[in-house]
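Trainee: Could we go through this model together? I would like to begin with one helix and then turn to the sheet.
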Amino acid sequence: MKQFFLTVLGVFTGLILFVVVVPVVLLTVAIAGASKPTTPATMVLELDLREGISDQPSTNPFAAFGGSGLSVTQVVDGLAQAQEDAGVKAVLVRLPESGMTPASADELRQAIRRFRASGKPVIAHSQGFAPAGAVMSTYMVGASASELWMQNTAGFQATGFSADSLFLGRAFDKYGVRADFEQRYEYKNAVNEYTQSDYTPAHREAMTAWMTSIYDSALANAAQDRKTTSAALKTVIEAGPYSAEQALSNKLVDKIGQVEEAEAEIKRRAGKGAEIVKFGKYVSEKGERTGSGRNAIAIVGGEGAIVTGRSDGGGFGGGSSIHSDDTAEAIYDAIEDKSVKAIVFRVSSPGGSPEASEQILAAVRAAKAAGKPVVVSMGAYAASGGYWISSEADWIVAQPSTLTGSIGVFGGKFVIADALGRFGVDMRELTVGGSYADAFSPTQPFTNSQRAAFAASMDRIYDDFITRVATGRKLEPARVREIARGRVWTGAQALPLGLVDQLGGLNEAVAKAKALAKIPAGESVRFKHFPKQKSPWEALSEMFGVQSEAAQALVMLGGVMADPQAQAVMRRIEGERMRSEGAVVLADQPVF
C-alpha cells in the first residue's frame, strides 16, 4: 500500500511538473531568447552585496528559480569586462551591514582596485557596519572604493572580529548522549563541539590565530586604501563605535548621504544620460569572458563539500557540492582538449570524503602527467579535503584570508540508546557477521577491538594525507606532521609554511598558468570553463525520471531555499549528513 501511494504521488507530481513547471520554464527561456540586450549606452553598474555572494556561479540550470545571486568569480570577470567597456562609466557598490567571507572580500577588493585603475570611479554606500562576524572585511571592500558613503542614521560599529562557537558537551552528558569520536589531532576542532563545554587550549590557539590574521589583513588593506597606517586605523577603529558623523570626522568614511544621493552623484560623474544597471543583468548579457587567441586556459570550478558520485541537477535552486565524478571528468575533458595548455582549478571547499578527494587528486596528477600544468586558485576555503585535492598541483594561489590546511581527520558516532530510553523509547540491535559489523550502531560505544580498528583507519587516512602533502609541496613528512595536526591556517599564515606558493586570486592564478605553460605574458588566451552547465532541457529530462527529484523541484520552486537562514540550516544539516556517511576530512565552516 505504501508503494501504491508513493507511485500515485509520483504520478501526481509529474503531472504538476508538466502542467505548471515546464510551461513556466519554456516561457521564461523563450522570452529570454527572444529579448535583445537593453543596456543603455552610458551605464553605472550597481553591485549589491547585501544578499550574500557565493564563490562560483551555480552549475544548476534552474538556479535563478531559487534566488541564486552573484558569485565572486562573476564579479571579478564582470569588472574586468566593464573596465574595457566604453559604455560602463562607473560602479556603485551596496555594502552589507554585517561581515563578509574574508577571502571573498579580498578578491572583490582586488577587482575593484583594478577597475579603478582604468580611471573609472567607484562609490560604495553603507547603511551601517554592525558588530557581527568579519565586518572589518566588509569595511575593507568599502575602503577600496573611490569614495565611501554612509547613511546619516547608520552606526559605525566595526571595532573588531567576533565569532561564536556552540558546545554541546554538557547537554549531551545531561541527556545521555555519548559522542564517541576519534580525531587526528588536537587541532581538528570539529569534535570539540560534541565533547567539550569550552574551547580547548589548541582550539583557542588556532582560532585566535586565524581570526587575528584575518583582522590584521583587513586593517592593513583598508589602511592602504584610506591612505593611513595600520596602527593609526586600528587605534581609531577600536575606540568605536561611532555615529555616522563621528565616523566622518575620524576619516573612516568620506561622505554622509542617502543611497539615492549616492546614485545621483555617481550618475553625475558618469555623464549625461547615465543609467543605473544591475550588475547581475550586465554580466548575464555580457556572458563569461572568453578571451582570444589560439591557446586556451581551462577554468575548472569546484565549490562546496566534496562527495562521491555525480550531481543530480540539484532541483530548482539549492546549494553546491563538488561531486568527484563530475569534477574529475571536467579535468579529464580539459586534458583531452588540445587547445588547453594549462588548467586553473578554482577550489572553495571545507572538505568531505577522502575517497572523493583522492579521485579528484588523481585527475590532477593525470593533467600534470599529460604536460598540462595545474594551478589551484583557492577561494573562501580550501581546508581538509579541499586541501587534499589541491596538494599536488604545480602551484597554489590563495587569498590572505583563505582558510586552508586543516590537514587532519576525524570520525565517530553518537550513542543515543540511553537518551532515547529516558523517553520510553528502547533501541535494540541484531547483528550478523564479524565483530565490526555493528561498530557504528548508536546503541552502544565502540568495543575495545572496534575502537582499535577504527583508530587504525583514522591513522591510515591521516598518513595518506600527510604523504600527499609532502609529495605535492616537496616537504619532508616530518615537517608536514609539525604543521598539520588538523590545524586551520589562513593563506597569509600558510605562505611561509610552504602550504601555498602565492597570495592572490583568480587573475594571479591565470597569469601563473600562462607562465607555466610557456605562453608569453603579452599573448592573449582563451578561457574554457569546465564542467559545462546542463541546459534546462537536459535537467528536466533527468528530473522526470526520479520522483524524489521532482518533489524537491516543487518544494524549492517556492523560493524557500533562497532564504539565507534556511540555507545556513541546510548547510549544517548537510555537514552532519556527510559526517555520518564518512566525510572524515571535513573542516568547520565559520559563519562570517
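Mentor: Helices (H or I, at least four residues) and strands (E, at least two) are DSSP runs, numbered from the N terminus. This is a predicted model, in which local features need pLDDT of at least 70, side-chain atom pairs count only at pLDDT 80 or more, and totals for chains, interfaces and linings use all residues. Residues are numbered from 1 along each chain as its sequence is written, and side-chain values use heavy atoms, with hydrogens and water left out.

Trainee: Where is His203 found?
Mentor: His203 belongs to helix H7, residues 201-225.

Trainee: Is His203 buried or exposed?
Mentor: His203 is buried (under 20% relative accessible area; exposed is over 50%, partly exposed in between; 1.4 Å probe, protein chains only). Its relative accessible area is 7%.

Trainee: And what is His203 in contact with, leaving aside neighbours within four places in sequence?
Mentor: Phe167, Asn189 and Asn192; contact means heavy atoms within 4.5 Å.

Trainee: Now the sheet. What is the strand order?
Mentor: The open sheet has six strands in the order E8-E4-E3-E2-E1-E9, with parallel pairing. Two strands pair if DSSP finds at least two bridges between them.

Trainee: Which are the edge strands?
Mentor: Strand E8 (255-256) and strand E9 (275-278), each pairing on one side only.

Trainee: How many bridges join E1 and E9?
Mentor: Strand E1 (residues 43-48) pairs with E9 in the parallel sense over four bridges. Met43 stands opposite Glu275 in E9.
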